[in-house]
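Morning, everyone. I have one structure to show today, and I will keep to the contacts.

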There are 2 protein chains.
Amino acid sequence: MTVPAFERLKNRLAEVDDLTKAASLLFWDQRVMMPPAGSEARAESMATVSRLAQERFVAPDIEQLLEDLRSLEESSDYDSFEASLIRATRRDFEKASRVPPELVGEMRRASTLALSAWGPAKEESNFEAMRPHLETNLGLRHRYVECFDPADETYDVLLDDYEPHMKTAEVREIFDELKEELVPLVKEIGDAGEIADSFMTGEFDPGRQRDLGLEIVRRFGYTDDEWRLDQTSHPFMSSPGAGDIRLTSNFRPNDLTSLFATMHEFGHGVYEWGVDPALARTPLGSGVSLGLHESQSRTWENLVGRSRSFWRFFYPRLQETFAEQLGSIEEEAFYRAVNKVQPSLIRIDADEVTYNMHIILRFELEQELIEDRLALRDLPAAWNARMDDYLGVAVPDDARGVLQDMHWAGGSFGYFPTCALGNVISVQIWERAREELGDLDERFERGEFGELRDWLTEHLYRMGRKFTPQETIERVTGSRIDAKPYVRYLREKLAPQPA
Amino acid sequence: MTVPAFERLKNRLAEVDDLTKAASLLFWDQRVMMPPAGSEARAESMATVSRLAQERFVAPDIEQLLEDLRSLEESSDYDSFEASLIRATRRDFEKASRVPPELVGEMRRASTLALSAWGPAKEESNFEAMRPHLETNLGLRHRYVECFDPADETYDVLLDDYEPHMKTAEVREIFDELKEELVPLVKEIGDAGEIADSFMTGEFDPGRQRDLGLEIVRRFGYTDDEWRLDQTSHPFMSSPGAGDIRLTSNFRPNDLTSLFATMHEFGHGVYEWGVDPALARTPLGSGVSLGLHESQSRTWENLVGRSRSFWRFFYPRLQETFAEQLGSIEEEAFYRAVNKVQPSLIRIDADEVTYNMHIILRFELEQELIEDRLALRDLPAAWNARMDDYLGVAVPDDARGVLQDMHWAGGSFGYFPTCALGNVISVQIWERAREELGDLDERFERGEFGELRDWLTEHLYRMGRKFTPQETIERVTGSRIDAKPYVRYLREKLAPQPA
């Protein structure tokens, strides 16, 4: 008996997915567990596993199967598993077949080594130690771009890996709209006078922050059976297999930012967690784009985690835990402090408004780098100038400037804009959820988040990569990506109220 | 320019090694970090990575390269890197090419699932929950055995994977000699009256045990740059890459056995650590056999870690840490307690003498299982009967009986005898080291272990898999494997002294 073509395709894709998952464990382990001296060997095994994943995918038999399955695709419902799998795989194949597996392996080896160098370089605020690695990463991205037909803009090719089908010009348009709305909003807020928040810095035991973070995400849906939470200097989420969702957060002794990072990474995690189990071990079995992903991390971090109703529920627990620091601080004062809008140095600690300016800055610099309009040697100066320009902030050192994020070390050029797109999308989805679920605040005040999670699972997470990002957004919200709801939300929540 | 054949072989083998290392990380992570619900996905990625490692190794181009390199091998010095690599690879290839990659993948998938089931089954002392997994594992071993030419004994095929070139009959001969010597020794010791050791059970904070274990192995050579130490219910060592040595130990609140487990696993780790870095990413880059490996774990656990001179050095630190429990206990009384010979239930907690009987029991049962002389259904009863027979110990439940070890769940049939062989070999090497280094006790008393480690590295660890196990032993000790030094050592150290 011969195995039907569709089954054969599924089996071959499952194998590729297994390798991808192995690579993602190699990555997680490198960041969280690996002794430092293991980095060279790790770079080699990363390179080999990634190259093989590519080789096994871009293979003649898969090309043939995709050909043979055209009629099945066309005769199946657009929404069906079969049509979706063949359609998504065809696009993935079309892209992947342009890139030599050796280049994939080289990109992975270089970024693994660069990531190992990034930690110490950041600690010593030594951009020059990082520069050769960034040169290599960027050089490899140039070679990667050359694998594709010329695009409208070079940056399009990079962006497409994180936000499929999105063009740089579209992002620019959205970002221009954000800039236009947010720059005056920041000014208005600034003019209204400073919000007191000195109680937000002090001594906050990291172990207790971890316990509180766990207490929160357990309410959201975290279980010990399927999740874990670890410490890293740069928080991230990784899922090296179905039923295995890993969050990291940075539990720092002098502030409470880890709580928001933990909720943020939970948002990434719950998106992966909610994908239909039937899509596991296929290319459909994960979130559809970084923009959609970020929409969910920002939903749980900001729309939930910085809401008044959330803190109505959780502030007593926080106060109880850090009685000395917060015992005398009113809930409303705390709420205002965690929503304080103020230009600052570090992207991941930024408030909801200025956060977008951090992204726009990176988006612009990335384009200049990939188009050779900016040399890496001049990057720190360009960074610092633009921080002054957009946020009026003086950068004291590269650790708190150009070295703060791990993404460029990790070779992720084209990733950053998805963070601000995520903000925009998050509010579109949020408004839809509230329309269907009614008053969420009442439930949050009681510590109930299950209905929101279930709604998001049902309407968004389940779909995985069955549709394009734009189709996915339209299915959830009924409309295309649109900055207006987000800007309105920010104004309503954060603009100074007339006295 | 064409790449020389030897370089091509090295590159291909490096790729296979990268996959093997990735598989070893997947394994380590499963045991130490993975959330339980990740086990099915993990079984799949384990299976795929292992199968691909096999496929990429048993490939026509490698076969051809081995053919083409015959003249290089013959014209090179036997000890040279080139000749050793070709020789070892030829033997590995000859074995691996008999086994279909699908079977390798299946064995790995089944054992990964079985290992996930083993933890809960042991906790609930539920052999029946484990039995279907063991049936599968054993069935796959039968298929594995059938891949090879008929051997003198079926068990030879399994044994060869852990102790290359060794025959079951040779092991039996050594074990018969051990039995003959050790059974009367156990009786003599028993007749001499019981050694007081009630202070060895009590409350010993696990965190402090971990700190003490680290303090010890740091003296031996552990550094944070290259090593890590974690908690697992079954201690093991894994090295998922050069410069990355991972130990686990079981820090239990009611006894001090974790200290010995930590030293034991350090012995495995330091063997991997000491392999010549030039052999990394080749099939020569690890310890040569499980017997040699176990010789080193037992060296650091017993020959060092249960010596009088070691405790002369370390007992004050232990006493200081656990003042309440050990403050009034003399060093000599403690030394005698950690060397108390008494039949007991758990292999890894057993004393140096009775340990071997635990192994002989497993060695015999494994042969009966693989030769279909014993059904898995009857295994617990057979286990318990033999525990009574060899050690006079009544097994209260399967958790402390047949389910205590993870090896059969992990599919490792044929592994256990190497543990007792390791004991035998350890003393042969130890005697050689003492001949060359002179009085080690004096250095141990001062907390100095570097010379021993360096000698072992220079004379044993460096070689990796360049030579066969027997050649390796002969190079270190000048003689073949021989039980006499071991028996003599046990008698001298542990037999009751005439009053």
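Predicted model: local features only at pLDDT ≥ 70, side-chain atom pairs only at ≥ 80, totals over all residues.

First, the interface. On each side, 37 residues are involved: 37 of chain B are in contact with 37 of chain A. The size of an interface is often quoted as the accessible area that is lost when the parts come together. For chain B and chain A the buried area is about 2,800 Å², and carbon and sulfur atoms give 61% of that. Which three residues supply more of chain B's share than any other three? They are B:Leu25, B:Met33 and B:Pro35, with 17% of the area that chain B buries against chain A.

Next, the polar side of the interface. Between chain B and chain A there are 10 salt bridges, and 14 residue pairs are in polar contact, both partners being at pLDDT 80 or more. On chain B, the elements that give two or more residues to the side touching chain A are α1 (5-32), α2 (39-57), β1 (227-231), β2 (237-241) and β3 (244-249). Of these, α2(B) gives the most, with 10 residues. By class, that side of chain B has 17 nonpolar, 5 polar and 15 charged residues.

Two of the salt bridges can be named. A:Glu15 and B:Arg51 meet through their side chains at 2.9 Å, N to O. A:Glu15 lies in helix α1 (residues 5-32) of chain A and B:Arg51 in helix α2 of chain B, so this pair joins two chains. The other is A:Glu44 with B:Arg281, at 3.4 Å, N to O. Over all chains, the count comes to 123 salt bridges.

Now the helix pair, within chain B. Packed helices are described by the angle and the distance between their axes. For α16 (residues 355-370) and α18 (residues 417-437) of chain B, the axes come within 8 Å and cross at roughly 145°. The crossing of α16(B) past α18(B) is left-handed.

Which residues meet there? From α16(B) they are B:Tyr355, B:Asn356, B:Ile359, B:Phe363 and B:Glu366. From α18(B) they are B:Pro417, B:Cys419, B:Ala420 and B:Asn423. By class, this contact has 6 nonpolar, 2 polar and 1 charged residues.

Conventions. Residues numbered from 1 in each chain as written. Chains lettered and ligands numbered in written order. Heavy atoms only, no water. Contact = heavy atoms within 4.5 Å. Buried area = accessible area lost by both parts, 1.4 Å probe. Salt bridge = Lys/Arg side-chain N within 4 Å of Asp/Glu carboxyl O. Polar contact = N/O pair within 3.5 Å; in protein donor to acceptor, adjacent residues only side chain to side chain. Helix = DSSP H or I, 4+ residues; strand = E, 2+ residues; numbered from the N terminus. Nonpolar A, V, L, I, M, F, W, Y, C, P; charged D, E, K, R; others polar. Axes fitted to C-alpha atoms, helices over the stretch in contact; angles between N-to-C directions. Left-handed = near helix turned anticlockwise from the far one by under 90°.
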